[in-house]
Amino acid sequence: MNVERIKVKLPVKRPKFVNLYLLVNGKCLIDGGPIETSFVNTLSKKLGEVKDVLITHHHVDHIGLAMLNSVEVYMHPIELKLVEHSYNIDTYTKWARSYGIDIRYLKSFTWLSRGLALKSKIKFVENGETLFRLKVIAMPGHSPGRIGFYPDKILFSGDAILSKTTTYIELYPGYQNPLKDHLRTLDRVRQMEKWK
Ligand SMILES: [Zn+2]
């Protein structure tokens, strides 16, 4: 499979960058980079023909192109719910309060806003489906509806493994044991040799 890695610098200390992957004939992209207008404009110019964006999970550094541009987006339904939860300041504030979090801390979450929603057309995908010759694999833990894409011998895993550190595990509404799921997902990745 012909793959081009697009390494995008992030405006935070860690992680320093995020990887997007342009596939096959240059028309299909895995992950959408940060929610940042200038980044999305630059990327859109560069990747003019990209129409299909496959989203591993809803995090702020993976979904920019889907939030700010109009493309065809493929993602798991749980992740769409988390988009609605994570970027809406009213919903997020209510949830943070229920955990006793001082909402002054939320001011540093610059992506929280009113009315920010996916502009794209959404198509839901589930574990086991095949999409653009990629097998869709459930990889919960880092995010409950995260999916990986597995063409053959490569796994596009959306933050399953980071260099020098581990991915963070956090709480989401209704999500009982993210750490257990994360460890199971890592075991599954370790078993990849047996998938062939
Ligand atoms: Zn992430």
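Biologist: What should I know before we start?

Modeller: It's a predicted model, where local features need pLDDT of at least 70 and side-chain atom pairs count only at pLDDT 80 or more, while totals for chains, interfaces and linings use all residues. Residues are numbered from 1 along each chain as its sequence is written.

Biologist: How many helices and strands does the protein have, and what counts as one?

Modeller: Five helices and nine strands. Both are DSSP runs numbered from the N terminus: a helix is H or I with at least four residues, a strand is E with at least two. Along the sequence they follow the pattern β-β-β-α-β-α-β-α-α-β-β-β-β-α.

Biologist: How do you know whether the radius of gyration agrees with that of a compact globule?

Modeller: The rule for a globule is 2.2 Å times the number of residues to the power 0.38, and the radius is taken over C-alpha atoms. For 196 residues, a compact globule would come out near 16 Å, and the protein has 16 Å, so the two agree. Its C-alpha atoms fill a box of roughly 45 × 40 × 30 Å along the principal axes.

Biologist: What makes two strands a pair?

Modeller: DSSP has to find at least two bridges between them. Strand E5 (residues 72-75) and E6 have four bridges and run parallel, so they pass that test. Strand E4 (residues 52-54) is joined to E5 by three bridges, again in parallel. If you want individual partners, Asp52 is bridged to Glu72 in E5, Tyr74 stands opposite Lys123 in E6, and Met75 has Phe124 in E6 as its bridge partner.

Biologist: Why are E1 and E6 said to stand at the edges of the sheet?

Modeller: The sheet is open, with six strands in the order E1-E2-E3-E4-E5-E6 and mixed pairing. Strand E1 (3-9) and strand E6 (121-124) each have a single partner strand, so one side of each has no neighbour in the sheet. Neighbouring strands here are turned by 25 degrees against each other on average, direction ignored.

Biologist: Why is Tyr74 called buried?

Modeller: You count the other C-beta atoms, placed from the backbone, within 10 Å of the residue's own: 20 or more is buried, 12 or fewer is exposed, and anything in between is partly exposed. Tyr74 has 24, so it counts as buried. This residue lies in strand E5. Across the protein, 34% of the 196 residues count as buried.

Biologist: And what about Ile122: how does its count come out?

Modeller: Ile122 lies in strand E6 and has 16 neighbours by that count, so it is partly exposed.

Biologist: Which residues is Tyr74 in contact with, and what makes something a contact?

Modeller: The C-beta atoms of the two residues, placed from the backbone, must lie within 7 Å. Leaving aside neighbours within four places in sequence, Tyr74 is in contact with Asp52, Leu54, Ile55, Lys123, Val125 and Leu131. Among contacts with a separation of 6 or more, 54% come from residues 24 or more positions apart.

Biologist: Why are H3 and H4 called roughly perpendicular?

Modeller: Helix H3 (residues 77-86) and helix H4 (residues 89-98) pack at about 85 degrees, with axes 6 Å apart. Axes are lines fitted to C-alpha atoms, for helices over the stretch in contact, and angles run from 0 to 180 degrees between N-to-C directions. Under 35 degrees is roughly parallel, over 145 roughly antiparallel, 65 to 115 roughly perpendicular, and the rest oblique. H3 and H4 are therefore roughly perpendicular. Where they meet, Glu84, His85 and Ser86 in H3 face Thr91, Tyr92 and Trp95 in H4.

Biologist: What stands out about phi in Phe132 and Arg133?

Modeller: Most residues other than glycine have a negative phi. Phe132 has a positive one, near 50 degrees, and Arg133 has a positive one near 65 degrees. Phe132 lies in the loop between strand E7 (130-131) and strand E8 (134-138), and Arg133 is in the loop between E7 and E8 too.

Biologist: Are those two buried or exposed?

Modeller: Phe132 has 15 other C-beta atoms within 10 Å, so it is partly exposed. Arg133 has 12, so it counts as exposed.
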